[in-house]
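User: I'd like to go through this one and ask what stands behind each label. Can you take me through it?

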Amino acid sequence: MAIMFRQETFRDDFTYRNSPANIHRFPFPFDRDEYAYSVNIEPHVPGRKGTIYESLIDVDEHYVAEMADRALVLKEDPLRYQALPHMMQAQWDVLELLMEQQAAGYPEHFSLTRNGDRWRWINRPLGIDDTFTFGARETLPYEPLEYIGRQTQGDLCIVDQRDNNLWMDAGLVTTQADWSLDFDVGMNFMEWHGPVPLAHGMGIFDRALKFLLNLQLGQPVRRFNWTMTVNPRLDTSPENYHKWGRDRTTVTPVNVGRKVHLRVELQTLWRLPRSNAMLFVIRCYLMSMEELVTVPKWARRFHRVLKTLPQELVDYKGMTRYRDTTVEWLSRHDDGAPTSPGIWPD
Amino acid sequence: MLVEGITSRPVHGGIQVDLFARRHFFALEGEGALALLAQAPALDEAFFDRCEVLYAAADAAGRGYDEALARLKPDLFRQTPTVETLLFRLRGCLSRATMGTRLYVAGGEGFIGRCMNVAAGFGMDAGTVLTEHRGSAARRVQCVHCKGITEDVSESPFACSHCGLNLLVRDHYSKRLGAFQGVCIDAEEPVSASRTPEEVFQ
Ligand code: HEM
């Protein structure tokens, strides 16, 4: 079924909203009433129809508007795309993967036809019909990662594997939770995770890295991460923090339902065939508190998660100024009833 | 936002010379001369025949480190008037470096960062450069907003020398840039609020 793409904005007048059907498929990340860091990695296999797992690269009603926002960010700050020279082969791997997955999941919107090295890619929602030579940079308007990244929801990092470590050697990052690709390019797994509190001491990054180094081709994995954002802003980059930081001071008991958003990242990791590098997709989903409480189970559970969240995580996630107001507002939607296991609505 | 205790913060392990290297480049600043001078008694003529030493005296001018280094008789000794000119020479050295060349850097935190940044430009892996911190702890800081680098930052917060924003200096460190990260400190505060800078990186 064709997706009805919404016309909306993620800045200025913030007209972003979720349709009722989209709220229902929202990846609510909490399977219990409290939250702690863990090595929460599971196989990324296709799931039930009508969920975000139906296709391995999920496309939803926000696709067109998100791509427009990404184009604006890249125009103002081209450094949001970076790739070290040795990553060119991995870039082509990524282009292939994302074209294949999107065409397989949404044949009415995307198609890929291959004739040897001559490929034809049609992206109907964005009005693109390009023929190019796979492996020949000059036959595309951008480098392959930037080209396909401008047509894929979610931030993309390509990490190279060497010396028993992973290296962030390329990326297209415009919807990040306050970290800078420009600063982190060239870092290894432990270095770019340096600013995360608690998890290093818990051994989480040692175990996660060990697991990832053995990631197999054709067996992608996934995990959730989450934070909160005031206003449905995609570009919460440190680069622009001096412009959006003030949003955090604008939350009041009256506007919290509309202003405060749960921001969930569905992160997927894919081994790449030619380069042996790895693609890390950070797909961001936003839902306002008003939208969230339309699902009673989520309202109860998120209230409890937020109320008991360790202060270190509250601070790291930048929620210090508005957490209490949000908990207070959510408490009105939590009658204390038990919640069912799992993440899905009842 | 975590400010301290960030694991990307560089650890300078010292410039213990690698006797298996075929050629040795030393980039030294100020008190950094002592890092090589301290090891010199244990090193022989054959070692210094394979050495190139670049030295900027900076704050340590007049302490005689330049003469002491020259007395080691390295294959090449060049004292430069400033760090800037040292980096220019360093680029020259690295552009003709061959396999088996080791780079050693000793001096202030900011100097090490600038040398690492030059080395990265020649495709040298940060892990292969030996570093030793001697002298000033003042930092080289990249403003995450305007991307401008400010040298010799000894206070936090400080005003970015490019865009003027008040920046908090985090321990987050990029070896590629050879710089710490500076982030606007008052974005969430009314314009009137101001914080007194404290000298923290001496
Ligand atoms: C190779 C793939 C990965 C990349 C590129 C990546 C990248 C990042 C980045 C850039 C940050 C932000 C750090 C900052 O504050 O500056 C982050 C945070 C984090 N990462 Fe990863 N990561 C990867 C895989 C993983 C895995 C497998 C785990 C599993 C345990 C993990 C756990 C975390 C956690 C817990 C945080 C803190 C997030 C929060 O509390 O909001 N990461 N990651």
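Analyst: We'll go from the ligand to the chain interface and then to a few local features.

Before that, the ground rules: this is a predicted model, where local features need pLDDT of at least 70 and side-chain atom pairs count only at pLDDT 80 or more, while totals for chains, interfaces and linings use all residues. Residues are numbered from 1 along each chain as its sequence is written, chains are lettered from A and ligands numbered from 1 in the order in which they are written, and side-chain values use heavy atoms, with hydrogens and water left out.

User: What makes His193(A) a donor to the iron atom of the ligand?

Analyst: A donor is an N, O or S atom within 2.8 Å of the metal (3.2 Å for Na, K and Ca). NE2 of His193(A) is 2.0 Å from the iron, so it passes. His193(A) is the single donor from the protein, though water is not among the atoms, so sites may look incomplete. The residue sits in the loop between α6 and α7 of chain A (helices are DSSP runs of H or I with at least four residues, strands are E runs with at least two, numbered from the N terminus).

User: Which residues of the shell are closest to the ligand, and how many are in it?

Analyst: The shell holds 21 residues, the closest being Tyr37(A), Trp192(A), His193(A), Tyr316(A) and Lys317(A). To count as near, a residue needs a heavy atom within 4 Å. By class there are 16 nonpolar, three polar and two charged; here Ala, Val, Leu, Ile, Met, Phe, Trp, Tyr, Cys and Pro are nonpolar, Asp, Glu, Lys and Arg charged, and the others, Gly among them, polar. The largest share, four residues, comes from α7(A).

User: How do you know that chain A and chain B touch?

Analyst: Contact means heavy atoms within 4.5 Å, and 28 residues of chain A meet that with 28 of chain B. About 2300 Å² is buried between them, 53% of it on carbon and sulfur atoms; that is accessible area (1.4 Å probe) lost on putting the two parts together, summed over both. Phe183(A), Pro195(A) and Tyr241(A) supply 28% of what chain A buries there, more than any other three residues.

User: What does the salt bridge of Arg25(A) and Asp58(A) tie together?

Analyst: Those two have their closest N and O atoms 2.7 Å apart. Arg25(A) lies in the loop between α1 and β1 and Asp58(A) in the loop between β1 and α2 of chain A, so the pair links parts 33 residues apart in sequence.

User: What makes Pro157(B) and Phe14(A) worth a look?

Analyst: Most residues other than glycine have a negative phi, and most peptide bonds are trans. Ser156(B) and Pro157(B) are joined by a cis bond, with omega about -5°. Phe14(A) has a positive phi, near 45°, and is found in the segment before α1 of chain A.

Key. Salt bridge = Lys/Arg side-chain N within 4 Å of Asp/Glu carboxyl O.
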